[in-house]
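Hi,

Here is the structure I promised to pass on to you. Have a look at it first, and then read on for what I found.

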Amino acid sequence: MNALAEELNEALAGSVAERLLSALGRRMYFPKGIVSQSAEADEKAHRFNATIGMAYEGGEPMILDSIRAGLPSLSPKEAVAYAPTAGVAALRSRWRAELDKKNPSMRGRDCSSPVVVPGLTAAVSAFVDLFLDEGDELALPDLSWPNYRLIVEERKAAKCATYPTFAGLGFNVEGLESALRASANRSKAAGKAAKAACVLNFPNNPTGYTPTLAEADAIVAAFRRIAEEGIALLVLVDDAYFGLQYEEGLLRESIFARIAWAHPNILAVKADGPTKEDYVWGFRIGFLTFGSASLGPKGYDALVKKLMGLVRSSVSNSSAPAQNLLLKSFDAAGASEQKARLRGLLAERYARARDRLASRPLPSCLRPLPFNSGYFLSLECVGIPAEALRKKLLLERGIGTVTIQDRCLRVAFSSVEAGDIGELLDEIAAAASAIAAQPKGT
Ligand SMILES: Cc1ncc(COP(=O)(O)O)c(C=O)c1O
């Protein structure tokens, strides 16, 4: 059991609550991860807050004019009536049409209708409920969104099987393939089906990496090889940062479009939503879409109904005003131009960070991990503790960052104005050098 859960259980020792907690209740805790480090930064990061996965401009969250203007235009029904369990029908079909626009390889392909859930977190959680049992495994790169572990291991008592994210400067396709094979072997050895599951999240949180087109081809080829051996392969595609690629030669479509129909033994589940794509972090809207060469309309309908059962039995339905506002914003005048402008701001911040790292190398105790997309870059701490660096930056320099596994410092360049990126990285370099120069044990 996690030490934080034990601490909470200790606080409840002897109480009636201790006697009443479920196994899940006993396992649960609130991690000292991104959310609590970000809350700490809210208080203390008076210079730059590069913690949370949001995008700011002039100290305010970025917002599309279409969203701001749409708020008073909602009818009473759009504002306060219950939304259908699976989401507002017009939004679901519009999102499906948008998927075709954004992913040309999905055109003409059969997949389920997208089902609305309250954000991508809920999408991952519903995916885990639908497909994983206690003890089952989900393969993930070692550098991934920490909430996967809380959902998979603590909520579900399933296991995360990790592999090293990078091989050299690229995505570790071989590591992913062997993790899936090892998982399938363990499943068979335990007397269960020959099956394996993984998450693909590109652009990745926390590294900001998207595979090249060649790497994407290699991932698809690896999945086909596994599927051809009769292994049932389940792939969650987490497209939280969809569309934020900043370099040539990268996979721009969702990898869902390439793998869903690659082999009948593959089932792909796409988790996506407007959280980051449309700059509406607090809306709490996400979508889950199923795709597989082995499913037809009947099968998709059955999976959608099962998912609706999960929604109905947990949150009942998702926010109606948020869904109706999003739907209206698609056709609002100037919305796509404004989206392109905000995306341009993020691209500029990325370019500043990339150019700063190329022109003035960091001290040897900080190794930038490959990044080319998304909201973040990560710096691997070599010989210095990442948590000491985070604390020093926060308490002495008023700069908020996030540690990942006490091994990396995650920097959300999405939240820092382009003109401040150079100074931010200079400060991180100086703080890291100061820690490295301290005699050990001080
Ligand atoms: C990789 C990844 N997946 C899912 C989410 C959750 O998104 P949402 O805010 O829509 O729940 C995040 C949010 O930071 C994320 O980084």
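**What touches Arg 27**

Leaving aside residues up to four places away in sequence, Arg 27 touches Met 1, Ala 5, Glu 153, Glu 154, Arg 155, Lys 156 and Ala 157. Please keep in mind that this is a predicted model. You will find Arg 27 in helix α3, which covers residues 23-27. Does a charged residue like this end up buried or exposed, and what is the nearest side chain of opposite charge? Arg 27 is buried, and that nearest side chain belongs to Glu 154, 4.7 Å away. A salt bridge needs the nitrogen and oxygen within 4 Å, and Arg 27 has no salt bridge. What its side chain does have is a polar atom 3.0 Å from the backbone oxygen of Arg 155.

**The whole protein**

Now zoom out. The protein has 18 helices and 17 strands. Its C-alpha atoms fill a box of roughly 65 × 60 × 55 Å along the principal axes. For 442 residues, a compact globule would have a radius of gyration near 22 Å, and the protein agrees with that, at 22 Å. Of the 442 residues, 54% are buried. If you take the contacts between residues at least 6 apart in sequence, 73% of them join residues at least 24 apart. The exposed surface comes to about 18600 Å², with carbon and sulfur atoms supplying 55% of it.

**A helix on the inside**

Next, please find helix α15, residues 320-330. Nine of its eleven residues are buried, so the rest of the structure largely encloses this helix. Among the buried ones are Leu 325, Leu 326, Leu 327 and Phe 330, and also Gln 323 and Asn 324. Which elements cover them? The cover includes α5 (65-70), α6 (76-80), α7 (89-102), β4 (115-117), α13 (274-277) and α16 (335-359). At the start of α15, a side-chain oxygen of Ser 319 comes within 3.3 Å of the backbone nitrogen of Ala 322.

- Arg 341 pairs with Glu 57, and their closest N and O atoms are 3.1 Å apart. Arg 341 is partly exposed at 42% relative accessibility, and Glu 57 is partly exposed at 30%.
- Arg 407 pairs with Asp 142, with 3.2 Å between the closest N and O atoms. This pair also links distant parts of the chain, 265 residues apart: Arg 407 sits in the loop between β16 (402-404) and β17 (408-412), and Asp 142 in the loop between β5 (137-141) and α9 (147-155). Arg 407 is partly exposed at 26%, whereas Asp 142 counts as buried at 19%.
- Glu 387 pairs with Arg 390, the closest N and O atoms being 2.9 Å apart. These two are three residues apart in helix α17 (residues 386-397), which means about one helical turn separates them. Glu 387 is partly exposed at 26%, while Arg 390 is buried at 3%. Through shared partners, salt bridges join Glu 40, Glu 387, Arg 390 and Lys 391 into one network.

Enjoy exploring, and write back with any questions!

Best wishes

Definitions and conventions: Residues are numbered from 1 along each chain as its sequence is written. This is a predicted model: local features need pLDDT of at least 70, side-chain atom pairs count only at pLDDT 80 or more; totals for chains, interfaces and linings use all residues. Side-chain values use heavy atoms; hydrogens and water are left out. Helices (H or I, at least four residues) and strands (E, at least two) are DSSP runs, numbered from the N terminus. Buried means under 20% relative accessible area, exposed over 50%, partly exposed in between (1.4 Å probe, protein chains only). Lys and Arg count as positive and Asp and Glu as negative; His and the chain ends are not counted. A polar contact is a pair of N or O atoms within 3.5 Å; within protein, one must be able to donate a hydrogen and the other to accept it, and residues adjacent in sequence count only if both atoms are side-chain atoms. Contact means heavy atoms within 4.5 Å. The radius of gyration is taken over C-alpha atoms; the globule rule is 2.2 Å times the number of residues to the power 0.38. Accessible areas come from the Shrake-Rupley method with a 1.4 Å probe; for residues, only the protein chains shown count as cover.
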